[in-house]
Amino acid sequence: MRNHSTITAFIIQGLTNDLRLEIFIFIFMLTTYMLSIIGNLTIISLISVDSHLKTAMYFFLQNFSFLEISFTTACIPTYLYSISSGNKAISIKACFSQIFFMVLFGATEFFLLAVMSYDRYVAICKPLHYVTIMNSRVCRNLILCCWTSGLLIILPPLGLSLNLEFCESLIDHFVCDASPILKNSCSDTWFIEQLVIFCAVLTFIMTLVCVVLSYIYIIRTILRLPSAQQRKKAFSTCSSHMIVVSITYGSCIFMYIKPSAKDEVAINKAVSLLTVSVAPLLNPFIYTLRNKQVRQSFHNTFKRLVFHSKK
């Protein structure tokens with residue numbers, strides 16, 4: 001049996017050991033974090049106050065923005081504190097808590113993207129029945145299913161991991177991640193590793209199949225429309241969602257297409273930075289800049305605020 005001392009905390013190595021580069025990373029991540037919070041909160045607020053944005057699509061978008069805020073908040077503030085304080089230690093409980101919330105919000109987001117693609121399918125392929133099919137009760141149940149699915153994905157591997165013993169404390173990442181934590185364990189982690197892969201692949205494949213099938217039917221329906229104007233209008237209603245889906249799934253696929261084992265850690269860090277910092281910033285702009293109703297709602301709300309401030 002291997003001799004080992006009990007590890008009570010992990011050391012988060014971060015993105016770099018260069019002090020000047022670390023300062024730049026701090027400013028960059030703080031800026032993107034604040035902008036993503038403001039952007040997503042703006043979308044949540046607009047949908048809450050504007051009666052024109054009470055359809056199923058905007059209800060799902062509001063929940064998506066909430067998940068974006070939650071996901072990025074589970075990752076970035078801890079790393080920003082680590083850089084500013086110089087304290088790179090994180091307790092094992094805090095590390096597992098971070099993993100729990102990251103995976104819960106991340107997995108729920110994947111299921112929500114699948115639900116949003118189904119919503120676009122109903123809107124374009126069954127427009128006359130859209131209000132009946134996507135009523136408020138159905139929408140609430142779909143959101144509940146997304147959260148329940150996310151919870152069921154994380155509980156089995158996390159529950160088994162809580163009893164692990166650890167020999168090493170260094171985590172070569174800027175967040176707590178399952179792979180380096182399992183590498184630090186003295187216990188046999190083979191089954192947990194296979195369970196993590198199974199849950200990740202199951203989530204990815206299930207949601208991707210739903211998205212792809214929805215868009216096959218959507219594209220087929222759009223191509224059958226008689227006029228170019230109708231096709232353009234139909235396509236514009238789902239273009240923002242397609243861009244977000246491409247970014248989300250593309251970043252995940254890219255993490256598993258590595259040029260060599262040597263570059264694995266660097267690529268994982270880079271893609272994780274894109275996922276937790278840049279993507280939550282881009283998504284509000286993607287939806288607002290490409291959505292006429294959201295832009296109009298923002299313009300009307302801004303005018304009302306200016307008018308009231310002058311009174």
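**Aromatic pairs and a helix**

Mentor: Let us begin with two residues: Tyr79 and Phe174 are both buried. Buried means under 20% relative accessible area, exposed over 50%, and partly exposed in between, with a 1.4 Å probe and protein chains only.

Trainee: What should I know about the model before going on?

Mentor: This is a predicted model, where local features need pLDDT of at least 70, side-chain atom pairs count only at pLDDT 80 or more, and totals for chains, interfaces and linings use all residues. Residues are numbered from 1 along each chain as its sequence is written, and side-chain values use heavy atoms, leaving out hydrogens and water.

Trainee: How many aromatic pairs are there?

Mentor: Rings of Phe, Tyr and Trp (its six-membered ring) pair if their centres lie within 6.5 Å; planes under 30 degrees apart count as stacked, over 60 as edge-to-face and the rest as tilted. By this rule there are twelve aromatic pairs. In one of them, the ring centres of Tyr79 and Phe174 are 5.5 Å apart and the planes stand at 50°, so the pair is tilted. Tyr79 lies in helix 2 and Phe174 in the loop between strand 3 (170-171) and helix 6, so the pair ties together parts that are 95 residues apart in sequence. Helices (H or I, at least four residues) and strands (E, at least two) are DSSP runs, numbered from the N terminus.

Trainee: Why is the pair of Phe105 and Trp147 edge-to-face?

Mentor: Their ring centres are 6.0 Å apart and their planes are at 85°, so this pair counts as edge-to-face. The pair links distant parts of the chain, with Phe105 in helix 3 and Trp147 in helix 5, 42 residues apart. Phe105 is buried at 11% relative accessibility, whereas Trp147 is partly exposed at 26%. Ring pairs also join both of them with Phe66, Phe100 and Phe101 in a cluster.

Trainee: How many Å should helix 5 span?

Mentor: The expected span of a helix is 1.5 Å times one less than its number of residues. For the 26 residues of helix 5 (residues 136-161) that gives 38 Å, and the end C-alpha atoms are 38 Å apart, which agrees.

Trainee: Where does helix 5 bend?

Mentor: A bend is the angle between axes fitted to the seven residues ending at a residue and the seven starting there. Helix 5 bends by about 35° at Leu155, and the proline Pro156 follows within four residues. The buried residues of helix 5 include Cys139, Ile143 and Gly150.
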